[in-house]
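Please keep the sequence and the structure in view while reading.

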Amino acid sequence: MFWSDALSILKVLTFKRCLNVFKLAFSFSLAKSFKIISPFGMPYAASIEPTTACNLGCPECPSGLKSFTRPTGRLSLENNESILKNLGKQLFYINYYFQGEPFLHPQFLELIKAAKRYNIYTATSTNAHFITEKKAFDIVESGLDRLIISIDGLTQETYEQYRVHGKLEKVIEGTKHIISAKKKLKSRTPHVIFQFLVVAPNEHEIPQVFELAKELEVDEVRLKTAQLYDYKNGNPLMPKNEKYARYKRAKDGTYKPKYKIENHCWRMWSSLVVTWNGNVVPCCFDKDAKYVLGDITNSPLTKTWKSKEYQGFRKGVFTNRKEIDICANCSEGTKVWT
């Protein structure tokens, strides 16, 4: 079923969009090799936050823990339209997700429909608790290209150890509704992905998630390693099988990330994240919007993308990335442990 997702992406590509990616890749190579810190193109992808609200209380998530220091709220249709216009015709991929549960936004599917009018590939990530039979038909008809469903346990006992306040039966029920709606509407979209966040309570269930996906006719399964804020002295959520962990035990008994932090990052060239109120932050690891680099609702993206603030952040990444706190726990690096 991967071909159908690839086809959705190919359908939104234009010569201008392809040329922009080439320019970004070329200038990124110059930055890595010669420290010429200047993207030649504009971002081709963005994550846009529909809302910070969430019905769950996941222990490693600031949205679930209600621990934000930044303003909370939801994206208005007017600001969404303004953002879409501002992102430029070169942008062809939007993930309508950052923090929060997207389907708590009462007009979430209107955001998707607006992006589709710009011929943009759209994706989102959900805990699937609000996908009713009717909502499933609305989702398919909206044109959403990819739907990531978090399913972090195959029994209620294991599921709720991370997805606090969640109900596994709701996840499975929502998935069935989506698959059924796709069949009845004879649609190949959205491409449905089961995302399984591997933590200690559920790691023994990894084979079962593939079996369930096959049974339900889910298109794809992805295993995801958990980002843990408190990992140095171990963490009860850390998988025992280090294959599924971002961390490795050192000789002194403490834990360290498996990944060496290199002084470069493709995300600084290819994409950006927009919070619900229009603030631009460098990437999805800046969950509390500590590094606000501009406001896309009040300033042209071209101005923000090449601004002194953005360039300063990029130079920091390309000179001493390990000193940037949001980069310290990033899995986009080079694995140095064997």
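## The central sheet

Strand β1 (residues 45–48) and strand β10 (residues 271–274) run parallel and are joined by 4 bridges. Within this pairing, Ala45 stands opposite Ser271 in β10. The model is a predicted one, in which local features need pLDDT of at least 70 and side-chain atom pairs count only at pLDDT 80 or more, while totals for chains, interfaces and linings use all residues. Residues are numbered from 1 along each chain as its sequence is written, and side-chain values use heavy atoms, with hydrogens and water left out.

Helices (H or I, at least four residues) and strands (E, at least two) are DSSP runs, numbered from the N terminus. Two strands pair if DSSP finds at least two bridges between them. On this basis, 9 strands form an open sheet with mixed pairing, in the order β6-β5-β4-β3-β2-β1-β10-β11-β12. The edges are held by β6 (220–225) and β12 (294–295), each with a single partner strand, so one side of each has no neighbour in the sheet.

Strands β3 and β4 pair in the parallel sense over 4 bridges, and Ala123 has Arg146 in β4 as its bridge partner. Because 5 of the 5 residues of β4 are buried, this strand is largely enclosed by the rest of the structure; buried means under 20% relative accessible area, exposed over 50%, and partly exposed in between (1.4 Å probe, protein chains only). Both faces of β4 are covered, with Arg146, Ile148 and Ser150 buried on one side and Leu147 and Ile149 on the other.

## Helices

Helix α7 (residues 168–184) lies across β4 (146–150) and β5 (191–198), running at about 160° to β5. Here axes are lines fitted to C-alpha atoms, for helices over the stretch in contact, and angles run from 0 to 180 degrees between N-to-C directions.

In helix α5 (residues 133–142), the buried residues are Ala136, Ile139, Val140 and Ser142. They cover an arc of only 160° around the axis, which puts them on the same side of α5; the arc is that of the directions from the helix axis to the C-beta atoms. These buried residues pack against α4 (108–116) and α7, where contact means heavy atoms within 4.5 Å. The face turned away from the buried side of α5 carries the exposed residues Lys134 and Glu141. Just after α5, Gly143 takes a positive phi of about 95°.

Ser4 belongs to helix α1 (residues 2–12). Ser4 counts as buried, at 2% relative accessibility. Neighbours within four places in sequence aside, Ser4 is in contact with Arg188 and His191.

## Pocket and cavity

On a 1 Å grid over the protein atoms alone, a cavity is a set of points where a 1.4 Å probe fits but cannot get out, and a pocket is an open set with protein on both sides within 12 Å along at least five of seven lines; lining residues have an atom within 4 Å of a point. Grid points are joined across faces, edges and corners, and a volume is the space filled by probe spheres set on the points.

| Space | Volume |
|---|---|
| Largest pocket | about 1,400 Å³ |
| Largest cavity | about 70 Å³ |

The largest pocket is lined by 48 residues, of which Asn95, Tyr97, Gln195, Lys224 and Cys284 lie nearest its centre. With 4 residues, β6 gives the most to this lining. The search of the whole structure finds 1 cavity of 30 Å³ or more. Residues lining the largest cavity include Cys265, Phe285, Phe313 and Cys330.
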